[in-house]
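Subject: Structure for your review

Dear colleague,

Please find below the structure that I am handing over to you.

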Amino acid sequence: MESSCDETAVAVVRDGREVLSNAIASQIDTHALYGGVVPEIASRMHVEAIDPLLDHALAEAGVALSDIDAVAVTYGPGLVGALLTGVSWAKALAYAMDRPIVPVNHIEGHVSANYIAHPDLEPPFVCLVASGGHSHILNVTHYGEYTLLGQTTDDAAGEAFDKVARVLDISYPGGPLLDKLADTGNDTAYKFPHPHTQGKYDFSFSGLKTAVINQAHNLRQQGIAIDAKNFAASFRRSVVDMLVDKTVAACKDTGARRVAVAGGVAANSLLRSELKRRGEKAGLEVYIPPKGLCTDNAAMIGSAGFYTLMAGGVAGLDLNAVPALRVLMSNDNISQQG
Ligand code: KG4
Ligand code: ZN
């Protein structure tokens, strides 16, 4: 079960790899009225959507509730109210069914989309995770075990897409629409900076975003019309180059043979084609999930939950939402979580 942001989702997954059903109720149309996610509305809509979605997911999978062995749920990171609706619901369901409840980190869920999409993929591999709230390069050493190679020092990649889209008067969520607009533009028409970061594999999107937004305002003040297609294409190129440069460099330096990508921004058409092209040129096996498994869904949570359960990761009925949950790195101390 997934409810960390503006998608309510319930999936039935067998053995972490086989998706029997993957039901999603998107709230995008509602939040678009406000130009972004309104947390209180998101929580209320999760409550309304979740029971019918369970019925739908079971029917589509052709299984009964009694066939379910465990209930996996996203407990962070995300919006606290949104997470709480899912966590409370999952606890009630697991209690009523007398089944274990498995807590899943949303970012680990994104990584696990690759296990569903690529049945043969096994750790170790490097995974670029780029979503609306996170941008990491992770070394996936074993199932559920990670070391951090790089991360954003400020904004997430998806956040930058959404904010720049706003400047181009593209409605929420801007990322996918900006991507489409960029397909018909010239990506060398506008010049944007490539911000420097201290960490070799770190990203910085805030500087780029500000430079892009300032350039748009300056042009408008001078009465110069912005060519939205070219502007979108040039911005998309800058973000994608930054993501792919660092990811491929991290793979080369660590001797990785496989690279995967995950998170909503992994639905970006240029990121997909460039990672494939440049990754393969660097001698890497490149794993890219279908777009529907990149953006938020519950199948990926079911997959991550399976591997968590296999490792004995079961929660009690005191499980709480942890809005600022991080990916637990193999050299981390548990007490750092949240
Ligand atoms: O993973 P996700 O569905 O939710 C979070 O966990 O954040 O990612 C959503 C983010 C949004 O910022 C959205 O604009 C971005 O992913 N996104 C895209 C594309 N599709 C979704 N960004 C660029 N190009 C896309 N095609
Ligand atoms: Zn997500």
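A residue is taken to be near a molecule if one of its heavy atoms lies within 4 Å of it. The model is a predicted one.

In this sense, ligand 1 is surrounded by 18 residues. The closest of them are H110, G132, D162, D179 and N268. As to polar contacts, a polar side-chain atom of H110 is placed 2.9 Å from an oxygen atom of ligand 1. Two further contacts involve the backbone: an N or O atom of G133 lies 3.5 Å from an oxygen atom of the ligand, and one of A267 lies 3.4 Å from a nitrogen atom of the ligand. On its own, ligand 1 has 550 Å² of accessible area, of which the protein covers 89%.

The model also contains an open sheet of 5 strands with mixed pairing, in the order β7-β6-β5-β8-β9. Strands β7 (145-151) and β9 (285-287) form its edges, each pairing on one side only. From one strand to the next, the twist averages 25 degrees. Strands β5 (residues 125-130) and β6 (residues 135-142) run antiparallel and are joined by 6 bridges; V129 has H136 in β6 as its bridge partner.

Two helices should be noted alongside the sheet. Helix α4 (residues 106-117) packs on the sheet and touches β5, β6, β7, β8 (258-262) and β9, its direction making about 125 degrees with that of β5. Helix α8 (residues 228-254) lies across β5, β6, β7 and β8 and runs at about 160 degrees to β5.

Yours sincerely

Conventions: Residues are numbered from 1 along each chain as its sequence is written. Chains are lettered from A and ligands numbered from 1 in the order in which they are written. This is a predicted model: local features need pLDDT of at least 70, side-chain atom pairs count only at pLDDT 80 or more; totals for chains, interfaces and linings use all residues. Side-chain values use heavy atoms; hydrogens and water are left out. Two strands pair if DSSP finds at least two bridges between them. Helices (H or I, at least four residues) and strands (E, at least two) are DSSP runs, numbered from the N terminus. Axes are lines fitted to C-alpha atoms, for helices over the stretch in contact, and angles run from 0 to 180 degrees between N-to-C directions. Contact means heavy atoms within 4.5 Å. A polar contact is a pair of N or O atoms within 3.5 Å; within protein, one must be able to donate a hydrogen and the other to accept it, and residues adjacent in sequence count only if both atoms are side-chain atoms. Accessible areas come from the Shrake-Rupley method with a 1.4 Å probe; for residues, only the protein chains shown count as cover.
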